[in-house]
Amino acid sequence: MGERLLDVRERARSLIDDMGSTQYGNHIVVVSHGTFLRVLLAHLLNIKLHELTDIRLDNASVSIFQYDSDTGGAVHSMNYTKHLEELL
């Protein structure tokens with residue numbers, strides 16, 4: 001049995017709170033397992049946890065989002081895989 005989704009969501013919220021800190025600067029790269037990344041994106045997009053299966057993230061895909069503690073999050077790109085075409 002793995003980590004509960006509620007616990008994963010708390011870790012994602014904690015990361016978002018930490019990203020608002022000036023110690024990280026303007027650009028942050030998050031590399032993680034698919035479930036954590038789905039939960040993180042779901043939180044930014046206000047998607048409920050039971051709808052996580054609606055978020056598709058392929059292995060080695062890139063998602064780009066912007067977060068501002070005052071205005072919230074915006075996703076600029078999700079599940080981008082063009083960079084993998086030459087490898088397939």
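D58 is partly exposed, its relative accessible area being 27%; here buried denotes under 20% relative accessible area, exposed over 50%, and partly exposed the range in between, with a 1.4 Å probe and protein chains only. The model is predicted, and local features were therefore required to have pLDDT of at least 70 and side-chain atom pairs pLDDT 80 or more, whereas totals for chains, interfaces and linings use all residues. Residues are numbered from 1 along each chain as its sequence is written, and side-chain values rest on heavy atoms, with hydrogens and water left out.

Salt bridges were assigned where a side-chain nitrogen of Lys or Arg lies within 4 Å of a carboxyl oxygen of Asp or Glu. The count under this rule is 5. One of them links D58 to R56, with the closest N and O atoms 3.0 Å apart. R56 is classed as exposed, at 57% relative accessibility, while D58 is partly exposed.

Another salt bridge is formed by E10 and R13, for which the closest N and O atoms are separated by 3.0 Å. Both residues belong to helix α1 and are 3 residues apart, about one turn of the helix; helices are DSSP runs of H or I with at least four residues, strands are runs of E with at least two, and numbering starts from the N terminus. E10 has a relative accessible area of 41% and is partly exposed. R13, with 32%, is also partly exposed.

A salt bridge is likewise found between R11 and E3, where the closest N and O atoms are 3.1 Å apart.

Strands β1 (residues 62–68) and β2 (residues 72–80) pair in the antiparallel sense over 6 bridges, pairing being defined by at least two DSSP bridges between two strands.

N26 is located in the loop between α1 (5–19) and α2 (34–45). With a relative accessible area of 74%, N26 is exposed. N26 and K82 are 56 residues apart along the chain, and their C-alpha atoms are separated by 25 Å.
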